[in-house]
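Here is a short briefing for a first look at a protein model. Start with the overall fold, then work through the topics below.

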Amino acid sequence: METFISFTNQSQGRDRLFRATQYACALLKYLLRNEAKRKDLVKKLQFLESNMSSGRKLFRLGNTVNSIHAVKSTLHISDPVLRFCLSFANLNRALYFICDNILWARSIGLIRDIDKERWSLNSTRFYFLSLVMNLTRDVYVIIQLMVQKSRDRHYQRKIDQHLNESPDVACVIVPQLDAFLFLLLDSLRNEPSVALDTLKNVCDLFIPLDKLGIYQTNAGVVGFCGLISSLLGILSVLRPSLKIKP
């Protein structure tokens with residue numbers, strides 16, 4: 001109970017709960033779309049999804065400042081690749097929140113003379129660029145982990161032992177591929193925060209890809225990916241050790 005109270009007291013925790021509910025409604029809506037007997041339930045899910053989205057916009061009102069502060073912090077990272085990726089990601093995230101705040105102001109009538117479609121498209125583009133840079137950071141960190149582990153003599157003996165114990169056709173034909181996958185999986189197993197962040201960003205990426213028309217799927221895939229990434233986000237809030245650093 002104390003963990004739940006602590007979680008819900010955080011604006012990030014509440015946003016994750018609202019986000020999970022929003023995408024769960026989107027997924028259920030898609031699954032029930034062809035059932036005539038469930039039309040009333042689908043309408044209720046659509047209403048709840050809309051309310052969750054509106055509530056999240058309120059939670060995000062102060063995130064622009066947080067993202068700008070994050071840009072300043074990442075500028076001091078010594079690694080040039082991490083510095084570029086995280087600074088660019090946070091900058092695009094700040095621009096995304098600015099667009100999101102303007103769209104929220106329009107939805108409640110504070111601002112009228114703006115092109116909703118154009119601002120929504122720009123918001124999605126900034127979100128997409130932020131995710132791409134975060135994924136680039138994840139790949140860079142994974143490569144670093146793999147290189148570091150591959151230089152360990154003890155680990156090289158471990159790979160040789162694994163190859164000798166796996167004499168199937170695939171391993172015989174492409175032992176390098178098997179060794180690469182073994183190294184990749186072992187690196188991610190030892191760094192669950194990196195694995196979780198990578199999976200979360202991959203799931204999130206399907207949302208702007210669909211909206212921008214780069215890789216169109218359907219509402220079911222978007223709802224499923226959004227729900228999975230939201231649950232992973234909740235896990236990282238509940239267990240800070242699973243949050244990737246920096």
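The protein has 11 helices and zero strands. Helices (H or I, at least four residues) and strands (E, at least two) are DSSP runs, numbered from the N terminus. Read from the N terminus, the order of elements is α-α-α-α-α-α-α-α-α-α-α.

This is a predicted model, in which local features need pLDDT of at least 70 and side-chain atom pairs count only at pLDDT 80 or more, while totals for chains, interfaces and linings use all residues. Residues are numbered from 1 along each chain as its sequence is written, and side-chain values use heavy atoms, with hydrogens and water left out.

**Overall burial and contacts**

- Of the 246 residues, 40% count as buried. Buried means under 20% relative accessible area, exposed over 50%, and partly exposed in between (1.4 Å probe, protein chains only).
- The accessible surface of the protein is about 14900 Å², and carbon and sulfur atoms account for 60% of it. These areas come from the Shrake-Rupley method with a 1.4 Å probe; for residues, only the protein chains shown count as cover.
- Among contacts with a separation of 6 or more, 70% join residues 24 or more positions apart. A contact means heavy atoms within 4.5 Å.

**Nonpolar cores**

- The largest nonpolar core has 10 residues, including Ile77, Leu82, Val141, Leu183 and Ile244. Such a core is a set of buried Ala, Val, Leu, Ile, Met, Phe, Trp, Tyr and Cys residues joined through side-chain atoms within 4.5 Å.
- Helix H5 (80-107) and helix H6 (116-150) each supply at least two residues of this core. H6 gives the most, with four residues.
- A second, separate core has eight residues, among them Phe97, Leu131, Leu135 and Leu205.
- In soluble globular proteins, nonpolar side chains tend to be buried together.

- H5 has 28 residues, which at 1.5 Å a residue should span 40 Å. Its end C-alpha atoms are 40 Å apart, which agrees. The expected span is 1.5 Å times one less than the number of residues.
- Asp79 caps the N-terminal end of H5, with a side-chain oxygen 2.9 Å from the backbone nitrogen of Val81.
- Just after H5 comes Gly109, with a positive phi of about 90°.
- Helix H10 (residues 192-211) should span 28 Å, and its end C-alpha atoms are 30 Å apart, which agrees.
- Gly213 follows H10 and has a positive phi, near 80°.

**Two buried serines**

- Ser187 is part of helix H9 (residues 175-190). Its relative accessible area is 2%, so Ser187 is buried.
- The Ser187 side chain reaches the backbone oxygen of Leu183 at 2.7 Å.
- Beyond its neighbours within four places in sequence, Ser187 is in contact with Leu145, Met146 and Lys149.
- Ser230 sits in helix H11 (residues 219-238). Ser230 is at 0% relative accessibility and therefore counts as buried.
- Not counting residues up to four places away in sequence, Ser230 touches Arg16, Arg19, Ala20 and Tyr23.

**Cysteines**

- The structure holds zero disulfides. A disulfide here is a pair of cysteine sulfur atoms within 2.5 Å.
- Cys203 is in no disulfide; its nearest cysteine sulfur belongs to Cys225, 5.1 Å away.
- Cys203 is buried because its relative accessible area is 9%.
- Cys85 also counts as buried, at 2% relative accessibility.

Conventions:
Polar contact = N/O pair within 3.5 Å; in protein donor to acceptor, adjacent residues only side chain to side chain.
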